[in-house]
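Let us walk through a protein model together. Keep the sequence and the 3D view side by side.

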Amino acid sequence: MFLNYIKIAWRHLWKNKTFSAINITGLSMGIACALLIILHIKNEINYDKGFTKSDRIFRVTLENIGENERHWAPISFPAGAEMQRYFPQVEKMARFYRPYPFQVFSYATTQGTINKFEEKAGFFADAAAINIFDIPFSRGNAQTALSATNSIVLTEKMARKYFGDEDPVGKVIQEDLNKVPFTVTGVVRSFPFPSHLQFDYLLSIPTIQQYQDQRSLENRTWSAFYTYVLLNEKASKTTVEARFPNYMLGFYKPTGETPNEILTSRKLHLQPVADIHLHSKLEKEMSANSDIRYVYIFSIIAVFILLVAAVNFINISTALAFNRMKEIGLRKVAGATKQQLLRQFMGESFLITMLSALVALLLIKAALPLYAWLTEKDIRFEELFTLSNLALLLLLILCCGLLAGCYPAWFVANFNPINSMKGKKDTRFSLNFVRKGLIIFQFAVSVFMIFSTIIVYQQMRFFHNKNMGFDKEQVVAITMYGSMWQHFSALINNIKKNPAISNFSVVSTLPGDRFSMQPFFPANETEDDQPSCRIMWADNRLLPTLKIALKEGRNFVNQFPDIKNKEFILNETTVKAYGLTNAIGKKFILDRDTGEIVGVIKDFNFASLHSAVEPLVIKYDPYRANYLLVKVQPHQMPKTLQFLESNIKSLSPESTFTYTFIDEKMKRLYEAENQLSRVFKVFAVFVIFISCLGLFGLSAYSTQLRTREIGIRKVLGASVSNVTFLLLKDFMVLVLTGIVLSWPFAWWAMTRWLDGFAYRIPIDGWVFTLSGVLSLTGALVTVSYQAIKAALLNPVVSLKTE
């Protein structure tokens, strides 16, 4: 019996090649798209879950309460060690500290070649980090690798970069900026799973004494160390957090605060390590995290695509079922039960689904470059055949088979056997309510995707084109190393002579980076209860170089090389935060230096447009600068970069020439949204294509059924346009209904998404019109082909059609 069902199913597929191809194409595209999206979602939700002790690892975070309300990812240096002593539930503790803003390492080979690179992806780390995070060593002793001062552990990638195929363990690599030699004590492999903890090297925490003064390390309010605790197996997060207030009273007592001030100004939290990637947008994160909202959005897109593909199958299968009425009638007369018919047609559904899944795998293989572009994650085709991924594919086949096959099988099993034998169609099922509803659903989803794509694209375009309040175009930032400062005057003289360079400046932090936040308060007051501000150190050329508008007062005066007067420039938000009616000339304290406010600039967006402009203080201090900003004339960038590199190399041969374009740096702030935009663009096209594919099949079948009717109408004088309109009318009404129903949902969803941005576009009426027109045009083109083809057919041929 089973083989008989297979033979009949295969004959049916072969007999209806066009409709079978439409079904298989639609389902295979749906399965391929859904599987790729599910792989991405699986990657996102598995962040940090590969650690063997992930359920017991927590990051300690600090929340400021009150006017300076901020939630910090790092905490102070001594907090972790004292926490381990205070809480018996804490089994181990590890801290990470990022050297700011860069490190330069060099290694001289035995042949005299010097391998030198700028490194930004490294941390100082406690030795316990190796055990807590199960860091996989390929060389060296994991137990002692980070115990001794001046020890460094490299990733395999970084080790190859400096040492090639040599064994790096025991070799000395020099940190050039501070002339500190580091002994390589281990080489580690990358984590075999996604993690927020990404690094190229780790330095032993005892070495930090050479980089930070003891006063900073003892400061209990300086949030700079990412602190992780491993709780013992019997401990719970709730129990530890319940004792945090008592711990805080003892820990912060040396600051001189009263118990009430301690408990009302801050709060400690334990954040599960597996929550960091998708649920954490804290101040000073290790790196940019993703957002759980985008996982939900991608999940919805995957479901939509599968549903649209399944709707095609249902519509075409129920339409083609009328061609098998006599077969079904004979089976029922011969004694076939409803359950047997259900099994037969469900089996056919699963056969088509399995064929579609095979085609989907071929499509995925071809689409892997597209997947890499969409998600910025590489995956090899062979990786799809892991047990978990094969289980996913099997689950998709089962879901699609059930989703697509249930209604057609039930529909066929309920045919009246007498009417079936006569070939009489039951009008209750002919273009019935269910089929019309499914067509409406398909095009509602299509319009939703088009609408969302337009809004996301417009928001991204707004981000990239909005006037940020400063000129980011044609500005390049060159990293300034210690040795460059010895030849800085000569470098500046050469820059001034180059006509391609319109302006230049030195600055501590680049727009797009996370600025330092420090107390800034009036000279006649204490720092208590005063707002903290973002801080930038720069020279007198910053404002003209970035074309930042001065609102009142004056720019800095050049005091290089001897700085005698401490001067500050504030943005408008800072003036409002402090309630200053006349800011110019006021005395304030920053970095324990008392200085004068000399100017107020208009607000400019030095961070992303996700959030509003924060209070910013610019202090005149070129010696705190890390970057040389160079404003280049249009079309002169390549030559200017060559000029800068040759000058820096000749003046400071040991330096490494590295640079960043400010406009590109700002664009990278919206990578998650750019990825979302790419996903919507690509999958909106797939949804529309699959929907139109189903509409094409239904219109072809509908036209076949009405061939004789069309012939009669043409004989009676109907024109081609009359016949075409007749065939188009029913489908276009359904498509228009889907469009109208989709608009409110699309508006609501995109409004919610846009509410997450401090700066957002309005949703204009033309977006509704354009999304509807695009969807209607796709449907019109699809159905018109069959309608016009039928209308042009010779009526004599039409009338002979059975």
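Which residues does Ile301 touch, not counting residues up to four places away in sequence? They are Ile37, Met449, Val679, Phe680 and Phe683. Contact here means heavy atoms within 4.5 Å.

This is a predicted model: local features need pLDDT of at least 70, side-chain atom pairs count only at pLDDT 80 or more, and totals for chains, interfaces and linings use all residues. Residues are numbered from 1 along each chain as its sequence is written, and side-chain values use heavy atoms, with hydrogens and water left out.

Now look at the core. A nonpolar core is a set of buried Ala, Val, Leu, Ile, Met, Phe, Trp, Tyr and Cys residues joined through side-chain atoms within 4.5 Å. Buried means under 20% relative accessible area, exposed over 50%, and partly exposed in between (1.4 Å probe, protein chains only). The largest nonpolar core has 124 residues. Ile301 is among the members that touch the most others, as are Phe683 and Trp753. Helix α11 (residues 292–321) gives the most to this core, 13 residues. Helices (H or I, at least four residues) and strands (E, at least two) are DSSP runs, numbered from the N terminus.

Next, find Tyr481. It sits in the loop between β14 (475–479) and α17 (482–485). Is Tyr481 buried or exposed? Tyr481 is buried, because its relative accessible area is 3%. Beyond neighbours within four places in sequence, its contacts include Phe102, Leu177 and Ser655. Tyr481 and Ser652 lie 171 residues apart in sequence, yet their C-alpha atoms are 9.4 Å apart in space.
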